[in-house]
Amino acid sequence: MNPPSDMPQRPDGGPGKPGRKLGPIADAVGSAHRAWLEPLRSSFLASGLTINELHIRTGWAKSKISELLRGAGLYPRWEITNALLQELHVPTWPMRRLWAAAALEAQKKQEWIDRSAGEPMVISTSPEVPPIDHRAFMELQHEPYRAYASVFLRGHKLADRAVAETFDILWLRWDEALSSPDAVRFAWSVLRYSVMMRTPHVDGCPSFGASAFDTVALAQARTHEARFSQYEESSAVFKAISRLPDQQLDVMVLRYLLGMDPSAVADVLGVPIASVRSDERHARHVLESVLVTESNPEGNAP
């Protein structure tokens with residue numbers, strides 16, 4: 001469940017420029033905070049600027065800028081965050097939404113969030129518009145992304161929040177996504193991280209047993225006994241799926257829990273259709289062996 005990789009650590013202004021290396025993100029940084037901090041760090045490292053140059057341009061103390069870029073200290077106010085956005089040419093509106101969500105995660109009250117913008121307001125009244133290819137991608141992938149998120153996150157709000165966060169992050173990192181080996185695969189890694197950071201885990205595996213209540217087989221069971229038996233079977237299957245390697249798990253969720261055909265799964269994950277079929281074949285073999293073992297733990301002949 002690793003986050004999409006941050007830009008490589010290097011001196012603030014690149015080779016030949018003075019300045020200390022930017023330290024790693026603080027361990028205490030939460031998932032919502034990390035969602036906007038990583039793209040901001042990437043923009044800073046790619047800019048060639050030093051922390052001292054940001055200090056001169058923004059008027060904010062070097063220590064405050066350094067703390068913000070590492071996620072150390074108190075959660076940063078919007079006014080200093082926005083000052084860095086302007087100098088690093090980072091889109092304001094998606095960052096504002098991510099910053100506000102992370103402020104709530106940091107237990108800041110709405111009043112603090114509203115006051116933190118400073119006087120005068122440092123955010124424009126009309127939203128910026130994402131690149132047209134980003135908007136087209138969002139329209140294409142919104143439905144499968146939300147369906148996947150809903151398997152793991154119970155309740156519409158959590159799933160919607162994970163998907164909205166994904167597209168905001170992609171807006172911030174769109175150039176990086178397009179320059180990656182595969183933009184679709186890059187985008188899926190962002191969506192998966194947003195979902196898994198909100199998903200309860202048991203023994204390191206995502207827990208989505210509550211989805212067993214939503215299976216078609218359970219809905220078709222006519223008696224209490226049949227429903228209980230089907231729920232037990234569905235729970236065992238979901239538990240076995242949760243232990244699969246990441247891509248096999250995703251293929252099984254998209255193929256069998258959401259009913260997508262192999263070509264559609266390949267389009268959503270950004271992988272060849274042959275890879276989808278191979279992952280499905282291996283996953284089915286693992287699931288069959290696990291379920292047979294669990295149903296007959298002593299190895300007795302049926």
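Axes here are lines fitted to C-alpha atoms, taken for helices over the stretch in contact, and angles run from 0 to 180 degrees between N-to-C directions. All the views below come from a predicted model.

**View A. Helix 7 crosses helix 8 at roughly 150°.** Here you can follow helix 7 (residues 132-152) and helix 8 (residues 156-172), whose axes come within 10 Å. The crossing is right-handed. On the helix 7 side, look for contact residues including His 134, Phe 137, Tyr 145 and Ser 150. Their partners in helix 8 include His 156, Val 163, Phe 167 and Trp 171. Sorted by class, this contact holds 9 nonpolar, 6 polar and 2 charged residues.

**View B. Helix 13 packs against helix 14 at an angle of about 130°.** Helix 13 covers residues 246-257 and helix 14 covers residues 262-269, with their axes 10 Å apart. That angle makes helix 13 oblique to helix 14. These two helices form a right-handed crossing. Helix 13 brings Asp 250, Val 251, Leu 254 and Arg 255 to the contact, and helix 14 meets them with Pro 262, Val 265, Val 268 and Leu 269. Of these residues, 6 are nonpolar and 2 are charged, with no polar ones.

**View C. Inside the largest nonpolar core, which has 72 residues.** Good landmarks to start from are Trp 36, Leu 40, Tyr 145, Tyr 148 and Phe 152, the residues with the most contacts inside this core.

**View D. Leu 40 and its contacts.** Leaving aside neighbours within four places in sequence, Leu 40 touches Leu 68, Leu 69, Leu 85, Leu 88, Val 90 and Met 95.

Technical notes. Residues numbered from 1 in each chain as written. Predicted model: local features only at pLDDT ≥ 70, side-chain atom pairs only at ≥ 80, totals over all residues. Heavy atoms only, no water. Helix = DSSP H or I, 4+ residues; strand = E, 2+ residues; numbered from the N terminus. Parallel < 35°, antiparallel > 145°, perpendicular 65-115°, else oblique. Left-handed = near helix turned anticlockwise from the far one by under 90°. Contact = heavy atoms within 4.5 Å. Nonpolar A, V, L, I, M, F, W, Y, C, P; charged D, E, K, R; others polar. Core = buried A, V, L, I, M, F, W, Y, C linked by side-chain atoms within 4.5 Å. Buried < 20%, exposed > 50% of the residue type's maximum accessible area, 1.4 Å probe, protein only.
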